[in-house]
Amino acid sequence: MSPSLAGPLATAVALAGYALASHLLMVHAADRAWAVAALFGPLLLAIAAAGWRQRQWPLLLACAALLLLLVATWARGGVADMRLLYVLQHAGIHMALALTFGVTLRRGSTPLITALAQSVHRHVTPALRHYTRRLTLAWTVYFMAMVALSLLLYWLAPWPVWSLFGNLITPLAAGAFFVGEHLLRYRLHPEFERLTLRAATAAWRSRAAAP
């Protein structure tokens, strides 16, 4: 196997393993203290790291508030409470992403994906601007739909079904949307400058890491 494929494959396997482990923990040990730490720990660390790197004190305060909420909820007992927190975490992340994309669609703002295109393409044509604006809207709608579906499944479906959706289907759906759009783009607009999936992924990562 070439080194260029080994890294992404190892990452995919690690993420798949974490998703499966999260699903099993949510189904069989949702209210155990060690399981709560394993399930919420990566989110708290990510928020804290982002806040520290960008000197965003509100993010650090949000991290501390979430930690206190988790401790208080678990101390009160009740698996139902912990399940609701998992759902709110899932819905909250997707709502935050929807707002992150959606706010850039305001008049006078540069749509998020248009800004990404400007960072990787040598020439951003009017057609590409129009396409990336619509794509920013599509991602906004996608994230909002995930929020609605998450809450509906929590309300209507058995808990294992929600856990399967939250831990396994969610990352697969996002990956399918990302890759599917990338492949479809050049069928709809063969005139667009070609961009590899690796370059597109790097652009997303650099945008997420930017202060």
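Modeller: Start with the order of elements. Along the sequence, the protein reads α-α-α-α-α-α-α-α. That comes to eight helices and zero strands. The model is predicted. Buried residues account for 33% of the 211 residues in the protein. Among contacts with a separation of 6 or more, 63% join residues 24 or more positions apart.

The part to look at is helix H6 (126-156). Begin with the core. The largest nonpolar core has 23 residues. Phe101, Trp139, Phe143 and Trp162 have the most contacts inside it. Four helices each supply at least two residues of this core: H4 (79-102), H5 (112-120), H6 and H7 (159-188). H6 gives the most, with eight residues.

First, H5 against H6. Their axes come within 7 Å and cross at roughly 135°. The two helices are therefore oblique to each other. An angle over 145 degrees would count as roughly antiparallel. The crossing of H5 and H6 is right-handed. On the H5 side, Leu112, Ile113, Thr114, Ala117 and Gln118 make the contact. On the H6 side, the residues are Leu128, Arg129, Thr132, Arg133, Leu135, Thr136 and Trp139. By class, this contact has six nonpolar, four polar and two charged residues.

Next, H6 against H7. These axes come within 11 Å and cross at roughly 165°. That angle makes H6 roughly antiparallel to H7. This crossing, too, is right-handed. H6 contributes Tyr131, Leu135, Ala138, Trp139, Tyr142, Met146, Leu149, Ser150, Leu153 and Tyr154. H7 answers with Trp159, Val161, Trp162, Phe165, Thr170, Ala173, Ala174, Phe177, Phe178, Glu181 and Arg185. Here the classes come to 17 nonpolar, two polar and two charged residues.

Two loop residues complete the picture.

Phenylalanine 192 sits in the loop between H7 and helix H8 (197-209). With a relative accessible area of 6%, phenylalanine 192 is buried, because buried means under 20%. Leaving out residues up to four places away in sequence, phenylalanine 192 touches Thr125, Ala127, Leu128, Tyr131, Arg185 and Tyr186. Several of these names have come up already. Alanine 127 is 65 residues from phenylalanine 192 in sequence, yet their C-alpha atoms are 8.6 Å apart in space.

Valine 103 is in the loop between H4 and H5. Its relative accessible area is 37%, so valine 103 is partly exposed. Valine 103 and threonine 140 are 37 residues apart in sequence. From C-alpha to C-alpha, the distance between valine 103 and threonine 140 is 9.3 Å.

H6 is oblique to H5 and roughly antiparallel to H7.

Terms used
Residues numbered from 1 in each chain as written. Predicted model: local features only at pLDDT ≥ 70, side-chain atom pairs only at ≥ 80, totals over all residues. Heavy atoms only, no water. Core = buried A, V, L, I, M, F, W, Y, C linked by side-chain atoms within 4.5 Å. Buried < 20%, exposed > 50% of the residue type's maximum accessible area, 1.4 Å probe, protein only. Axes fitted to C-alpha atoms, helices over the stretch in contact; angles between N-to-C directions. Parallel < 35°, antiparallel > 145°, perpendicular 65-115°, else oblique. Left-handed = near helix turned anticlockwise from the far one by under 90°. Contact = heavy atoms within 4.5 Å. Nonpolar A, V, L, I, M, F, W, Y, C, P; charged D, E, K, R; others polar.
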